[in-house]
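Q: I would like to learn how to read local features from a model. Could we work through one, feature by feature?

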Amino acid sequence: MRKDKNAYLTYEKVKKLTSILEFKDVIDLGCGDTNLLSEIKKIKSLRKNKINFVGAGYEVLQKDININVIDQLDFNEINWFESVKQKYDLILILDVIEHLENPFLFLQQVIKICKKKAKIFISVPNIHSYRSRIKFLLTGRPSAFFNKQFRSSSKRNFDDHIWLPAIDLIKYYLRCNNLTLKRIHYIYGNNLLTSHTLLLEIEF
């Protein structure tokens, strides 16, 4: 789990939103470690219903033995969902899709692990902010995208932000996959022009 303020505020918002939801199976795709799931599990610990917590990604650092882990998942591959083997009513996808070559294909796989009326939370960098617009005006690149190494190398590197999450394009991708955008939450700012991150609340 990243330590910067923007990530912290995103995770705090997700914890607040999930605290009022009812779910039995939750998966954090591209989680990095199981810390966020552990925090959500603490909040839900007073509930009588048992919840299945799963962290999934290419390399997952397991810090809670009570959280299941699915390792070695490459979200750029076509059929990564086959390793998941069950469906979920809550799916977290935080700071993931901007690292992928084909987010449309990724979302096609995500819906295969969704229960009916599943909730999905997706966070992306806000390229529509005034900070990002100024950076694009001056350099031709939005804020936090395409570092020097990425621009000079042909080596595949998914540590960097390589896909531009324009909000209208995301809405189009969601519609094509029968996903409904219920609300946009603004993180580290109060609106589209000031926030650093967009947290999309989506329903299948």
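Q: In which loop does glutamine 72 lie?

A: This is a predicted model. Glutamine 72 lies in the loop between E3 and E4. Its phi is near 60°, a positive value in a residue other than glycine.

Q: Where is phenylalanine 146 placed, and is phenylalanine 146 buried or exposed?

A: Phenylalanine 146 is found in the loop between H4 and H5. Like any residue under 20% relative accessible area, phenylalanine 146, at 17%, counts as buried. The phi of phenylalanine 146 is positive, about 60°, although this residue is not a glycine.

Q: How should I read the burial pattern of a strand, and which residues of E2 are buried on each side?

A: In a regular strand, side chains alternate between the two faces of the sheet. In strand E2 (residues 52-56), Asn52, Val54 and Ala56 are buried on one side, and Phe53 and Gly55 are buried on the other. Five of the five residues of E2 are buried, so the strand is largely enclosed by the rest of the structure.

Q: Which strands pair with E2, and how many bridges are there in each case?

A: E1 and E2 run parallel and are joined by five bridges. Within this pairing, valine 26 stands opposite phenylalanine 53 in E2. Strand E3 (residues 68-70) also pairs with E2 in the parallel sense, over three bridges. There, asparagine 68 in E3 is the bridge partner of valine 54.

Q: How do I read a helix in the same way, and which residues of H3 are buried?

A: An α-helix has 3.6 residues a turn, so residues three or four places apart point the same way. In helix H3 (residues 103-110), the buried residues are Pro103, Phe106, Leu107, Gln109 and Val110. Seen down the helix axis, these buried residues fall within an arc of 155°, so they line one face of H3.

Q: What covers the buried residues of H3?

A: The cover includes strand E1 (25-29), strand E4 (88-94), strand E5 (114-125) and H6.

Q: Turning to aromatic rings, how many aromatic pairs does a search of the whole structure find?

A: The search finds eight aromatic pairs. One of them, phenylalanine 75 with tryptophan 80, is edge-to-face, with 5.0 Å centre to centre and 85° between the planes. Both phenylalanine 75 and tryptophan 80 are buried.

Q: Why is the pair of tryptophan 163 and tyrosine 173 stacked?

A: Planes under 30 degrees apart count as stacked. The rings of tryptophan 163 and tyrosine 173 have planes at 25° and centres 5.7 Å apart, so this pair is stacked. The pair links distant parts of the chain, 10 residues apart: tryptophan 163 is in the loop between helix H5 (148-152) and helix H6 (167-176), and tyrosine 173 is in helix H6. Both tryptophan 163 and tyrosine 173 are buried.

Q: Which residues do ring pairs link into a cluster?

A: The cluster consists of Phe104, Trp163, Tyr172 and Tyr173.

Q: Last, the pocket: what is the volume of the largest pocket, and which residues are closest to its centre?

A: The largest pocket has a volume of about 1000 Å³. It is lined by 39 residues, of which Gly30, Asp95, Val96, His99 and Phe158 are the closest to its centre. The elements that give two or more residues to this lining are helix H1 (5-18), E5 and helix H4 (130-139).

Note on methods
Residues numbered from 1 in each chain as written. Predicted model: local features only at pLDDT ≥ 70, side-chain atom pairs only at ≥ 80, totals over all residues. Heavy atoms only, no water. Phe/Tyr/Trp six-rings, centres within 6.5 Å; stacked < 30°, edge-to-face > 60°. Buried < 20%, exposed > 50% of the residue type's maximum accessible area, 1.4 Å probe, protein only. Helix = DSSP H or I, 4+ residues; strand = E, 2+ residues; numbered from the N terminus. Arc of directions from axis to C-beta. Contact = heavy atoms within 4.5 Å. Pairing = 2+ DSSP bridges. 1 Å grid on protein atoms, 1.4 Å probe; cavity = no way out; pocket = protein on both sides within 12 Å on 5 of 7 lines; lining within 4 Å. Points joined across faces, edges and corners; volume = space filled by probe spheres on them.
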